[in-house]
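Hi everyone, thanks for making time today.

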Amino acid sequence: MGALKNTERLAAENETLGGRLSKMTDAILRISEDLDLDTVLQEVVDSAQLLTGAGFAALTTHDTSGNPQDVLISGLTEEKTERIMSYRQGHALFGYLSRLREPLRTRDFTAHVGAAGFPDFPANIGAFLSTQIRVRDRHVGSIFIGERESGGEFRLEDEETLKMFAAQAAMAITNARRYGEEQRAKADLEALVNTSPVGVLVVDSNSRKVVRINHEACRIMGLQSGEEGSAADLGMVEFRRLDGTAMQPDEVPIERAFRAGVTVHAEELVIVGPSGKQVTTLVNATPIRSDEDQLVAVLATIQDITPLEELERLRNDFLGMVSHELRTPLTSIKGSAATVLGASSPLDPAEVRQFFRIIEEQADHMRDLINNLLDLSRIEAGTLSVAAEPTDVADVIDRARNAFLSGGYRSSIEVNVMPGLPRFAADGQRIVQVLHNLFSNASSHSRDWSSVRVTAWLHDAHVVISVDDEGKGIASEHLPRLFTKFARIDAGEDVRISGHGLGLAICKGIVEAHGGRIWAESDGEGRGTRFTFTIPAVDETTSGRLPESTGGPRDPGSVSRGRDRILVVDDDPQILRYVRNTLVDAGYVPVVTGDPSEVSGLLDSERPRLVLVNLVLPGVDGFELLTRIRTDFRIPVIVLSGRQGQDITKAFERGAADYVVKPFSPAELVARIGAALRQVAAFPHAGIEPYQHGDLVINYLERSVTVAGEPVRLTPTEYKLLFELSRYPGRVLTHDQLLASVWGQDHPADQRLLRSFIKNVRQKLGDDARSPSYIFTQSGVGYRLVKS
């Protein structure tokens, strides 16, 4: 009889052990089948609770310094969870429990921690069991379980089960963290290579196929983006010497690096793409060897030096213009002086005065040319001095008018200023300079004694000033070139616009340094021309002097930048680098990409205040991208483009906040960004329509939440958390962003509290964390609310 009972007992124990092993196996499979850290942590908590029959389970993880990283609690009531998470000695208590090397098993947890120095613990917890999660003797976290569902205290076999499970959980958590770090490192390297201003190309030694190519290399070589397409098209690329002769395949630097096994340095050659486009480049090719010193690939860097050639051409044009413009007045000055000094007999005093008058006029001409050149160099360097302050528009126009009329011009000035026009934020002397240049330009291209009309009015928080003449007019195809330096138009004779060809370029630089725009309109030749520019109006509810500005990269403007993030989207690495440096100098945080497919993700993760976008991008219509950003993310967009004409109108119709024509100076870009951000700040309460997705409705005006028409009762903090998520639907808000916006910068709240409130909100919305309908988790980053 005794033997039978022993057999039955052993069978029952084996059955129990088999059940425990089966549960353990299932739990290990669950925590190992995913590499998303948040999912793994949740599975660890749920499996620990299931394995031991606990009423609740909790998990903490730590960084290498021992500071808590993640806290998850499952199975406690909402009220008890909030009391525990808000416990003022919570950090110290978790620290005490985490430092216990051996498992803690007790029948009365509240009494135990009270004796350990935490007498005011806010929750009544009985049976409790905890153990550390360790990886190679390094403490990475702890698992806590409590309140057996069957009653009583936890047994030794529960302790052994939890210790065994914690060992497996350590491996799963470590693998998930390592995977996340590798993915982030890979993404960082990918972004670094793709945004490089230098083309990068890796060619395999055996197949001679491209195995890696960045966007700049694709652009230079005229290939489609992506390794597969580039590998197929590389054979269609032709390499030529600078004299135009074709290079044989074995003469190309990449092939020479393969054959000789040495680096080919700084070779200038012309690359002709499949479309026939030619790009002058500087190429380096470096062999890549394995640990066994076998040649496995060649890394080639390709730099587009076409801009350097263009700079050289502009330098030559500039030197030629300056030589001509200075030689002409010097000739007159020297001729007049030589005539007076070399006369064989004394000249009539009237003749002498006439020669002196010529010398004075030509000296003034040279002075004006030098001043204009200095102004233009300051504009291009972004250092033009602009001391903006509230300025009366009528007073500035009157000063410019008087200066113009005293210069002996033969045109009259008619002024029409809208009554009650507010002051504008301007450097009065600089705006006088702009108006004087426009008046002079209008007079020089109009018949004698004609009228020049200047009109000022208010439009969209900007003062608008236009100058109209009755002159020769300009054909539409010449309008885009008017504001480039040394511009010329061909109207039957070689006529330089605005004297030295600098006046309108200087006008553009001064206006843009104020955050305004300037443009020209004409109905055609013989029908006059209108020049119009805008300057931001001053908000009359504020007073005092505006901050002084250099107009350059460090100009603080009148917008508090506060390290605002600006997203820049352009496939030209040189433009990306130029804009990035300008934004950094101006105090902004630039986020750059050359890949339009990354835009949505960056808008989600970085939450920029403004986007700078090029209209010509690979694989996407720039106008469609502009529309999508404005529609989906409600972020102001400034277009950066070399295109003009109808594209400007179309961009504004699609919702662009501004349109900046390439090339542009740092001063212009910073001023345009400041003006756009000021306009956004003037309308902070836009977009108060209710959020709605499926059965979920958030009514902002009533501060109410309903699911399927039934009211959802949220605490003030829970509503604020849901409100913050709904402000940016579809975008991931990081843990730090949510903690700062919901609890404030100075509140000691951490991710443990945030996770607890997210869980509460999900429960009240009926949202399953494993298969969510509303609130989604971005592993290791934060949370997002589904787009309405």
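Let me begin with a question: which side chain does a polar contact of 3.0 Å join to the side chain of aspartate 70? The partner is arginine 177. By polar contact I mean a pair of N or O atoms within 3.5 Å; within protein, one must be able to donate a hydrogen and the other to accept it, and residues adjacent in sequence count only if both atoms are side-chain atoms.

Before going on, a word on the source: this is a predicted model, where local features need pLDDT of at least 70 and side-chain atom pairs count only at pLDDT 80 or more, while totals for chains, interfaces and linings use all residues. Residues are numbered from 1 along each chain as its sequence is written, and side-chain values use heavy atoms, with hydrogens and water left out.

Back to aspartate 70. Its side chain also makes a polar contact, at 2.4 Å, with the side chain of arginine 755. You'll find aspartate 70 in strand 2, residues 68-74; helices (H or I, at least four residues) and strands (E, at least two) are DSSP runs, numbered from the N terminus. Aspartate 70 is buried, at 6% relative accessible area, where buried means under 20%, exposed over 50%, and partly exposed in between, using a 1.4 Å probe and protein chains only. Leaving out residues up to four places away in sequence, aspartate 70 touches several others, among them Leu37, Leu41, Thr60 and Gln751; contact here means heavy atoms within 4.5 Å.

Now let's zoom out. The protein chain has 23 helices and 34 strands, and 47% of its 788 residues count as buried. Among contacts with a separation of 6 or more, 62% are between residues 24 or more positions apart.

Which residues have a positive phi without being glycine? One is glutamate 147, at about 60 degrees; this residue sits in strand 5, residues 138-148, and is partly exposed at 30% relative accessible area. Another is alanine 708, at about 55 degrees. Alanine 708 belongs to the loop between strand 30 (704-707) and strand 31 (710-711), and counts as exposed because its relative accessible area is 53%.

Finally, have a look at valine 296 in strand 11, residues 295-304. Why does valine 296 count as partly exposed? Because its relative accessibility is 33%.

That's my tour, so over to you for questions!
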